[in-house]
Amino acid sequence: MPGLRKVDRLKKLLLILPCDEEMEGLLDPESLAEEMNDPENWVFARSDPRLCGPDRSDYIADLVKETEAQAIIVGGPSDRTHGSVWRQEASLVGIPPDRVELVPLVQQCIYVTDEKDAARRRAKIMIESALARVDTGIDRAVERVKAMQAVLVIGGGVAGMQAAWDLADFGRQVYLVERTGELGGRAHQLSRTYPTQDCKPDGCCPQSCRDCQFTPRIDLVTSHPLIELLLESEVRSVKGGIGGYQIEVHSPETSRLLEVGAIVVATGNVMFDAGEMGELSPWHPDVISFLELEKLIDWQRKEDRAWEPLRRPSDGKVPKNIHFLQCVGSRDEHHGTIECSLVCCTYAVGQAKDLKDMLPDATVAIHYMDMRGPYRGFERHYLEAQESGVLFMRGRVVEIEPDNGNLMLSYEDIDIGEPVTMEADLVVLSVGQLPTPGTAELAQMLGVPLDDDGYIGEDNTTYSLWDRRGVYVVGCAAGPRGIRYSVRDGREAALSIDAVLRRTQIELADNIAEVDDERCVGCGQCVESCEYGAVTLEERTDLQTGRKYRVAIVDPRRCWGCGNCHATCPSTAIRLSGFSDDQLVRQVELASGGHR
Amino acid sequence: MADSSKGKEKKKTTDGATGGDAPKDWNPRIVGFLCNWCSYTGADLAGVSRLQYTPEFIPIRVMCSGSVDVAYILKAFLEGADGVLIGGCHLGDCHYLNGNYKARRRVAVVKEVMEGVGLDPRRLHLEWISASESGKFAKTVSTFDETLRQLGPNPLAKERLL
């Protein structure tokens with residue numbers, strides 16, 4: 001393996017932090033350091049209050065100079081909480097991250113037992129284990145990959161448009177792939193945005209209100225010289241990883257191969273189809289979703305019929321009893337999703353108030369479970385709707401039956417605790433939001449995990465921690481959210497991507513799987529074990545015999561460092577840097593019989 | 001099938017009956033492979049929450065329960081560990097999609113191997129412990145410790161000592 005050499009022995013600086021009072025009592029860090037100090041075997045142990053003080057870095061620099069240490073072992077904090085802190089500290093004195101070990105004496109030793117001897121014995125085994133880890137570790141040259149500067153944005157809704165426009169504004173070539181024939185996504189199907197009461201984004205309104213200003217304009221995106229629009233196109237395959245993705249994009253006419261450094265996933269989500277809830281008569285023309293209501297309102301506005309009242313779809317009559325049903329296919333264990341869609345309460349309240357303004361004589365009611373408006377300004381918006389005469393009825397409608405051209409609603413009114421039936425002539429369903437079909441396939445192509453509810457989630461570390469993955473999920477592709485948060489997502493992704501790609505060389509410093517060509521027999525079990533498609537088999541020809549053979553190769557840009565391939569490999573030909581066989585076996589030896 | 005189970009039963013008697021012979025100051029030594037994202041963090045939280053468990057449990061941090069090589073488990077027993085605990089994320093919660101399923105399959109195989117060589121399979125324990133389940137972590141270690149006390153010292157360790 002090129003660039004790798006075994007580290008036989010390193011000068012190790014062992015720092016036992018005396019910062020914790022309880023540790024002081026049980027372990028006595030100073031005497032522990034004294035006991036562990038073994039300069040002959042290149043273990044230099046120290047425990048000094050300065051390690052916990054403000055001039056820690058200077059003190060460590062002095063120590064490293066004095067001992068010529070090549071590795072630092074820290075006794076006290078856990079890797080999970082302080083790993084990054086100490087790796088940064090070590091980098092200041094020129095020690096690479098894979099030569100820093102943390103021994104969680106605080107979290108996993110001193111609180112475990114009250115017995116001094118047992119605690120000390122345990123601490124010593126854990127410290128020995130860490131010392132052995134750096135001695136048996138394998139130095140890995142920090143891998144640098146070249147970063148392609150172009151970016152792919154999948155999805156042309158507001159989140160994707162914002163990301164594309166910002167990235168193009170930073171001077172990057174952007175490919176914006178959109179499945180449909182036009183940009184704008186769901187936000188552009190809305191007549192107004194609530195609770196700000198602004199007109200729909202990109203409308204022809206001469207005023208520029210808040211949401212309009214914050215929402216990317218379609219014409220700005222389409223006319224930007226650095227944004228190449230690929231409408232009616234879909235991503236077919238993704239190869240490579242951060243800094244160098246090769247993406248096949250398919251449209252009815254052509255197929256293209258794009259080379260980009262990062263990917264923004266802005267594929268949005270879809271509305272729950274109420275068709276499966278037969279009890280609500282979803283087939284009835286007067287039972288519509290809130291998006292269909294938007295179309296009715298929009299039609300009226302567009303054609304300059306503002307003086308005309310809204311008419312219901314079935315017979316064109318002006319509705320007198322309009323009922324909104326919340327949580328249809330959301331917060332439901334049997335239909336749609338158990339998750340809340342976050343925007344429907346705000347939206348239904350806004351639509352109801354608008355209808356009440358439009359038709360002052362009509363009854364407008366909202367049937368809800370809980371009013372949830374996670375937006376600034378919602379409470380005032382809610383109050384205004386109540387004052388304008390919108391009725392709020394707590395309880396879930398269980399049945400809608402057509403009755404003499406109208407609709408009968410049956411539900412239990414929670415406030416009075418009785419079953420009630422009520423007549424309606426127009427019913428608006430606030431339907432839940434579900435992941436876009438194809439999300440799982442896309443996630444697999446990109447090598448990113450899915451959340452429990454099927455989104456390429458925001459709470460996985462793809463987004464927050466590991467920007468080296470090069471995949472950024474924004475807007476409703478990461479779960480339901482309002483326009484302003486989607487737009488902010490897009491902007492945030494653009495900024496992060498620009499910061500990463502600007503370096504032109506990307507360092508891959510984390511744990512990465514590596515293949516030993518001489519041991520690999522090309523069986524392909526590692527390929528199957530890798531969930532990220534990072535391992536592939538390569539066909540090679542033996543130059544002397546001319547025989548063909550296969551060998552596994554790892555794409556470091558795609559590897560997540562889980563080590564599953566290592567455990568699967570029957571000929572120990574793959575190892576995970578930082579968790580090599582030598583290291584683990586030594587640790588196991590120490591842990592198993594160290595006390596005997 | 002009947003034959004193989006007979007064989008298993010016969011061999012089982014070499015391990016597990018030594019509980020009474022254990023030296024007085026003997027405490028079972030447990031090697032714990034804890035996955036970085038869930039169980040290791042759970043162990044951190046157990047400490048911070050002041051939950052006590054046997055100090056003879058020695059943690060080894062791995063990135064994923066699915067990266068624990070069968071060889072490490074067997075090595076631990078050969079080196080004299082009385083029990084091996086593998087801690088992973090809950091099924092469906094794996095940080096690496098499904099590494100814990102791979103761990104489960106591997107553990108099932110190792111348990112069979114253990115029976116074959118006369119080690120009680122109860123000496124190997126797999127548990128799903130999330131980062132917030134500090135109580136479950138401490139309880140798992142303590143219960144496992146109790147089981148190992150009943151089983152007695154690892155017979156392989158005894159042979160090595162002799």
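## Chain B

Chain B contains six helices and four strands; helices (H or I, at least four residues) and strands (E, at least two) are DSSP runs, numbered from the N terminus. Starting at the N terminus, its elements follow the pattern α-β-α-β-α-β-α-β-α-α. This is a predicted model, in which local features need pLDDT of at least 70, side-chain atom pairs count only at pLDDT 80 or more, and totals for chains, interfaces and linings use all residues. Residues are numbered from 1 along each chain as its sequence is written, while chains are lettered from A and ligands numbered from 1 in the order in which they are written.

Of the 162 residues in chain B, 55% are buried. A residue is buried if 20 or more other C-beta atoms lie within 10 Å of its own, exposed if 12 or fewer, and partly exposed in between, with C-beta atoms placed from the backbone. Among contacts in chain B between residues at least 6 apart in sequence, 82% join residues at least 24 apart; a contact requires C-beta atoms, placed from the backbone, within 7 Å.

## Where the chains meet

On chain A, 40 residues are in contact with 34 residues of chain B. Helices H4 (79-92), H5 (105-110), H6 (116-136), H17 (564-568) and H18 (581-593) of chain A each supply at least two residues of the side that touches chain B. H18(A) gives the largest share, eight residues.

By class, this side of chain A has 18 nonpolar, 15 polar and seven charged residues. Ala, Val, Leu, Ile, Met, Phe, Trp, Tyr, Cys and Pro count as nonpolar, Asp, Glu, Lys and Arg as charged, and the others, Gly among them, as polar.

## Strand S4 of chain A

Strand S4 (residues 71-75) of chain A is mostly covered, with five of its five residues buried. In a regular strand the side chains alternate between the two faces of the sheet. On one side of S4(A) the buried residues are Ala71(A), Ile73(A) and Gly75(A), and on the other Ile72(A) and Val74(A).

S4(A) pairs in the parallel sense with strand S2 (residues 12-16) of chain A over five bridges; strands pair if DSSP finds at least two bridges between them. Here Ile16(A) stands opposite Gly75(A). Four bridges join S4(A) to the parallel strand S5 (residues 100-103) of chain A, and Ile73(A) stands opposite Glu101(A). Together, S4(A), H4(A) and S5(A) make a right-handed β-α-β unit: with the strands pointing away from the viewer, the path from the first strand over the helix to the second runs clockwise.

## A parallel sheet in chain A

Five strands of chain A form an open parallel sheet in the order S18-S25-S19-S20-S21. Strands S18 (287-289) and S21 (391-394) each have a single partner strand, so one side of each is left without a neighbour in the sheet. Neighbouring strands are turned by 25° against each other on average, direction ignored.

Strand S20 (residues 363-368) of chain A pairs with S21(A) over four bridges, and His367(A) has Met393(A) as its bridge partner. Helix H11 (residues 344-358) of chain A lies across S19 (321-328), S20 and S25 (426-431) of chain A, running at about 170° to S20(A). Axes are lines fitted to C-alpha atoms, for helices over the stretch in contact, and angles run from 0 to 180 degrees between N-to-C directions.

## An antiparallel sheet in chain A

An open sheet of three strands in chain A has the order S22-S23-S24 and antiparallel pairing. Its edge strands are S22 (397-403) and S24 (418-424). S22(A) is joined to strand S23 (residues 406-413) of chain A by six bridges, and Glu401(A) stands opposite Met408(A).

Key: Contact = placed C-beta atoms within 7 Å.
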